[in-house]
Amino acid sequence: MDPITSSENEGLLDDVERAAFDYFRHTVNPANGLVADTTREHWPCSIAVVGFALSVYPVAVERGWVARDEALESSLTALRFFRDSDQRGAPDSTGYNGFYYHFLDMRSGKRIWRSELSMIDTAILIAGALTVRMYFGGETAREAELREIADQLYRRVDWRWAQNSGRTIMQGWKPESGFLHYGWEGYSESIILYVLALGSPTHPPAPDTYEAWTATYQWENLYDIDFLYAGPLFIHQFSHAWIDFRGIRDPFMRAKRSDYFENSRRAVLVQREYMRRNPGEFIGYDEQCWGLTACDGPNAADAGTANAGRRLFGYTARGVPYGPDDGTLAGWAAAASLPFAPEIALATMRTMARRYPEMVLDHRYASAFNPGLIDSDGRFWISPGYYGLDQGIVATMIENHRTQLIWRLMRNCAYIVTGLRRAGFAGGWL
Amino acid sequence: MTAMATATCMQRQRGGDLPENEPAEHERTHNVRPADWRNPVPVQRYDLVVIGAGTAGLIAARTAAAKGAKVALIERHLLGGTCLNIGCLPSKALIRTSRIYAEMRDADRYGALASPGIPADFALAMRRVRQIRARASRSDSAQRLTAAGVDVFFGQAAFTGADSLSVKGAILHFAKAVIATGARPATPSIPGLAEAGFLTNENAFELSEAPRRLLVIGGGPLGCEMAQAFCRFGVRTVIVQKRPLFLPREERDAAQVLSDAFARDGIEVRLNTRVVNVRAEGTRKVVDLVSDDYESTVTVDAILAGTGRVPSVHGLALEAAGIDYDRRHGIHVDDFLRTSNPRVYAAGDACLAHKFNDTADASARIAVQNALFHARRRWSSLTIPWCTYTDPEIAHVGLYVRHARERGIPVDTYTVPMHDVDRAIADDEETGFVKITVDEGTDRIRGATIVARHAGEMISEITLAIEARIGLRRLAHVVHPYPTQAEAIRKAADACNRARPASRAQDLVSRSLHWLRR
């Protein structure tokens with residue numbers, strides 16, 4: 001086989017990144033800047049997807065996919081909407097105490113599905129707001145306004161309230177029943193949440209909250225690989241969309257002589273080891289075809305699943321080595337791991353696209369596919385439509401791999417720097 | 001259905017072709033509470049009086065008598081206590097049968113022909129439970145205890161002073177006493193529950209028919225074990241638990257693996273859910289549930305309360321002997337298991353947070369040694385494993401990682417999924433793992449969690465290693481028969497050696513390789 005040239009790789013990454021960005025263009029409501037959670041009909045907005053949209057607007061400007069002014073306008077529209085949104089915390093409001101309900105009506109921006117006020121999803125939204133705040137540094141009145149609104153949104157978030165007098169930050173709140181908390185158990189995607197909270201000049205949580213959160217970490221030797229354990233890959237990716245963890249270490253990673261970036265590389269290796277073993281005997285699994293993470297999945301009611309012979313999990317966080325695993329893979333997971341293990345990720349992206357081109361039509365990844373579930377027409381199961389979270393993490397991580405754009409922007413964000421330092425991070429660029 | 005089962009219980013009281021007329025039940029009753037028993041005339045002063053004849057009480061009485069002490073053993077109800085009559089043993093017997101049904105239904109997984117639609121015969125399984133109970137009751141029968149030199153008294157004991165108590169009008173004086181009165185099921189205070197009727201481990205084993213639909217309140221070990229067993233008898237089973245995390249005390253992956261196993265079995269687990277009201281409608285029980293802001297109702301035929309156990313401390317007149325206690329934690333003891341009355345010790349569920357058979361046994365031995373033989377054995381020095389007998393089983397010993405981190409103890413964990421173990425693959429029992437936690441950078445074992453079909457059998461190797469201070473690396477040199485599932489432990493030890501070879505050993509290896517390559 002001919003070696004793949006770097007320009008061919010660049011071409012592939014450009015196509016995938018562009019396709020991911022286009023998701024946001026096609027699903028945004030230009031009237032309020034809200035972005036749909038998925039492309040499925042009548043689907044609401046997810047505030048985290050808005051956060052990703054804001055994060056990739058600067059990317060699109062730099063790559064010439066949209067004009068700076070257009071990206072600025074889209075960003076401003078979204079930020080103005082959240083600034084002016086109903087913050088009473090009523091069942092049909094948009095938010096409360098600076099946090100926002102997880103799912104909002106695409107048109108009215110009001111809470112939908114009786115969803116929870118979500119701390120982690122608000123953090124992702126705020127990370128996006130700070131990304132555009134760092135990017136649009138121009139002197140124009142509109143860029144200044146954008147920076148001011150982003151700052152207002154960040155300063156308005158009452159992280160201390162979200163502790164509910166506990167040691168860690170709660171996971172949600174509902175007007176009907178109060179705080180929801182399922183307990184933090186082990187490493188999760190929430191470093192970004194804690195760093196943003198700790199960086200707050202207005203409502204920071206108690207200083208020991210990061211220590212309390214990391215107290216549940218588990219450092220494990222699995223398949224002869226030492227790493228901070230978390231089963232699904234997205235956990236090893238999401239906070240890395242904004243924070244450049246290369247060489248910076250918190251007390252836990254200092255003690256383990258590692259860092260979160262290296263840890264995410266090892267998570268890829270663990271994922272490959274699991275796939276090589278394939279304990280569930282799933283079709284398609286091998287070292288070149290992996291991606292157990294939070295994604296859509298088949299349900300028992302879906303076509304072609306009648307003879308699955310196993311339980312199917314629908315949308316869930318799939319992980320290794322304990323599952324859940326029903327043979328469903330997310331092709332985009334390799335792209336989102338690109339910065340950590342570029343050679344492996346690129347080879348996997350190519351192999352999976354060659355074997356299962358239907359799951360990455362026009363270079364845009366479906367949320368998931370299951371090569372072992374074949375319908376009566378001989379087609380394997382593919383998640384219908386597209387998910388904003390998947391496209392967001394793909395676009396941000398490919399860009400970070402290529403130019404480190406978002407990392408560079410956020411390395412200069414004083415709130416992030418303060419948050420990292422208060423969490424005990426030191427070394428490297430910090 | 002429960003109402004039918006209740007009716008059956010009532011029929012039993014009238015006699016007829018019913019379980020208690022079985023020879024097995026006759027034998028057990030004869031062993032654990034002989035109808036014609038006459039309490040002996042007390043001696044002037046006993047070296048040791050033991051109150052309660054469950055696991056802890058029996059061990060205490062036998063241990064002391066074997067050393068030549070004059071011992072009295074007082075039991076209010078049945079010799080053998082919870083474990084023999086209504087706890088560990090009958091539940092394990094029932095679980096065994098339920099596993100058989102699960103395997104028969106899943107036979108094709110094992111390369112055997114499955115027989116679809118195998119009807120589960122609950123009554124047959126319960127008959128076996130009673131036979132096994134009867135057999136186990138032989139070893140600690142009233143007659144055998146008497147032969148071992150123990151004066152057996154039936155009746156409620158009540159202290160009359162610091163060194164005396166009464167039972168059925170007789171006064172027993174003692175030099176030392178051990179309270180081992182055990183625990184009883186906690187009754188959840190849910191409106192309507194008592195009126196509608198519910199099962200606990202105290203009466204679940206009296207059922208002669210399985211309910212069609214069962215609601216289990218509480219997702220603790222007992223609730224989980226019974227839920228899975230009943231589900232495998234074809235009972236549609238729902239577990240409702242107030243707390244948001246399934247098995248909150250256990251290692252998260254252990255809980256996750258079991259949660260998946262339950263889902264495969266068809267058990268519905270509702271977390272973060274409270275039972276707010278129960279009402280009987282004919283033979284059915286209608287249960288109102290609330291989860292955050294969602295309200296729902298389920299209709300079942302029986303409710304099993306698995307909401308924990310509370311110490312049995314009522315009726316003992318503990319105040320008369322100056323013994324401190326409270327109703328939640330039971331008898332207050334120090335690390336030597338001594339109560340606030342220096343003559344009186346306690347053991348087992350009556351005083352311990354961990355209410356297990358093995359802890360009852362171990363605590364009884366300590367209490368007797370300290371009470372009679374001037375030993376200074378500490379409860380805190382013991383290494384105590386425990387096991388939840390679900391399928392797969394969850395066994396644990398020592399520190400959990402989160403507790404180690406809370407105490408500032410840096411640790412590493414070596415994990416071997418059971419899918420890396422040949423015997424587990426051959427047995428199609430790949431669900432689970434062995435996780436062994438050591439002090440960071442060393443091989444000193446701090447704790448372990450095993451999730452496997454036979455985790456309870458496997459955990460003892462780690463318990464031994466902790467107790468004997470054998471490092472994890474050394475376990476790599478222990479030959480484990482191949483193929484066995486316990487090989488997972490050796491594999492964890494191998495991983496420890498590969499990750500952090502002992503410096504001397506590594507030095508030797510390097511030198512040998514250097515010599516070979518010359």
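Trainee: What makes residues 1–17 of chain B a stretch to read with caution?
Mentor: This is a predicted model, and pLDDT is the predictor's confidence in each residue, from 0 to 100. Over residues 1–17 of chain B that value stays under 50, whereas local features here need pLDDT of at least 70. The model has 23 contacts beyond four places in sequence for this stretch. For chain B as a whole, the mean pLDDT is 90, and 93% of the residues reach 70 or more. The model scores ipTM 0.92 and pTM 0.91.

Trainee: How is chain B divided into domains?
Mentor: Domain 1 takes in 20–185 + 310–381, domain 2 covers 193–307, and domain 3 covers 392–505. Taken over C-alpha atoms, the centres of domain 1 and domain 3 of chain B are 33 Å apart.

Trainee: Why is strand β3 of chain B described as largely enclosed?
Mentor: A residue is buried if 20 or more other C-beta atoms lie within 10 Å of its own. Five of the five residues of β3(B), residues 150–154, are buried, so the strand is largely enclosed by the rest of the structure. B:V150, B:V152 and B:F154 cover one side, and B:D151 and B:F153 the other.

Trainee: How do you know that strand β2 of chain B pairs with β3(B)?
Mentor: Pairing requires at least two bridges between the strands. Strand β2 (residues 71–75) of chain B and β3(B) share five bridges in the parallel sense, and B:I74 stands opposite B:F153.

Trainee: What makes A:F52 a buried residue?
Mentor: The cut-off is 20 or more C-beta neighbours within 10 Å. A:F52, which lies in helix α2 (residues 47–62) of chain A, has 30 such neighbours and therefore counts as buried. Among its contacts beyond four places in sequence are A:G128, A:G388 and A:T396. A:F52 and A:I393 are 341 residues apart in sequence, yet 7.4 Å apart in space, C-alpha to C-alpha.

Trainee: Which residues touch the most other members of the largest nonpolar core?
Mentor: They are A:I192, A:A335 and A:V394, in a core of 144 residues. Beyond four places in sequence, the contacts of A:I192 include A:A123, A:F238 and A:W242.

Trainee: Why is strand β12 of chain A also called largely enclosed?
Mentor: Five of the six residues of β12(A), residues 369–374, are buried, so the strand is largely enclosed by the rest of the structure.

Trainee: How do you know that β12(A) and β13(A) pair?
Mentor: They share three bridges in the antiparallel sense, against a requirement of at least two. One bridge joins A:I374 to A:F380. The two strands form a hairpin with five residues between them, and A:G378 in the turn has a positive phi of about 80°.

Trainee: What makes strand β8 of chain A a partner of β21(B)?
Mentor: At least two bridges are needed, and three join strand β8 (residues 219–222) of chain A to β21(B). The two strands run parallel, and A:E220 has B:T413 as its bridge partner.

How values were computed: Residues numbered from 1 in each chain as written. Chains lettered and ligands numbered in written order. Predicted model: local features only at pLDDT ≥ 70, side-chain atom pairs only at ≥ 80, totals over all residues. Domains from an automatic or database assignment. Core = buried A, V, L, I, M, F, W, Y, C linked by C-beta atoms within 7 Å. Buried ≥ 20, exposed ≤ 12 C-beta atoms within 10 Å, placed from the backbone. Contact = placed C-beta atoms within 7 Å. Helix = DSSP H or I, 4+ residues; strand = E, 2+ residues; numbered from the N terminus.
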